Amino acid sequence: SSSAFDAAVKLLGGRARSRARLEQALLQRGHAEADVASALARVAELGYLDDRRYAEAKARAGFTEGRSLADVQRRLEADGFEPALAAVAA
């Protein structure tokens, strides 16, 4: 629904999030699963949500902080990224 979409855009405006974390936040706010799925598809279509781009940025930041490859991958997975994406991004 548009309210789930509006909430998704607002959440992403505050800070970047992984798809998994955005979905979790919307569901916790009481939006229906179908509305959340539709909102996630729409924000991704508009380019507001891009897990690969976000994971790569988080990986670069982790390496800049001096973190190891394993630590960066572990942190990406903890942030809701699939292990395969975490491995590719890092």
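Which residues have the most contacts inside the largest nonpolar core? I began my notebook with this question, and I keep in mind throughout that I am reading a predicted model.

**Entry 1: the largest core.** I looked up the largest nonpolar core and found that it has 13 residues, and that those with the most contacts inside it are A8, L22, L26, L40, V43 and L49. I then asked which elements give two or more residues to this core, and I noted α1 (2-14), α2 (19-28) and α3 (33-45). The largest share, five residues, comes from α1. As background I wrote down that in soluble globular proteins nonpolar side chains tend to be buried together.

Entry 2: I picked L40, set aside its neighbours within four places in sequence, and listed its remaining contacts, which are R19, L22, E23, L26 and L49.

**Entry 3: a second core.** I also recorded a second, separate core of nine residues, which includes Y54, A55, L85 and A86.

**Entry 4: helix α5.** Next I turned to helix α5, which covers residues 69-78, and I found that its buried residues are D71, V72 and L76. Seen down the axis of α5, these buried residues fall within an arc of 135°, so I could write that they line one face of the helix. On the face turned away from this buried side I noted the exposed residues R74 and A78. What do the buried residues of α5 pack against? I found that they pack against α4 (51-64) and α6 (83-89).

**Entry 5: the whole chain.** Last, I stepped back to the protein chain, in which I counted six helices and zero strands. Its C-alpha atoms fill a box of roughly 40 × 20 × 20 Å, taken along the principal axes. Buried residues make up 32% of the 90 residues, and the chain exposes about 5,400 Å², of which carbon and sulfur atoms supply 49%. Among contacts between residues at least 6 apart in sequence, I noted that 53% join residues at least 24 apart. For the charges, I wrote down 14 positive and 13 negative ones, with mean positions that are 6 Å apart.

Terms used: Residues numbered from 1 in each chain as written. Predicted model: local features only at pLDDT ≥ 70, side-chain atom pairs only at ≥ 80, totals over all residues. Heavy atoms only, no water. Buried < 20%, exposed > 50% of the residue type's maximum accessible area, 1.4 Å probe, protein only. Helix = DSSP H or I, 4+ residues; strand = E, 2+ residues; numbered from the N terminus. Arc of directions from axis to C-beta. Contact = heavy atoms within 4.5 Å. Core = buried A, V, L, I, M, F, W, Y, C linked by side-chain atoms within 4.5 Å. Areas by Shrake-Rupley, 256 points an atom, 1.4 Å probe, with all protein chains shown as cover. Lys, Arg positive; Asp, Glu negative; His and termini not counted. Charge placed at Lys NZ, Arg CZ, Asp CG, Glu CD.
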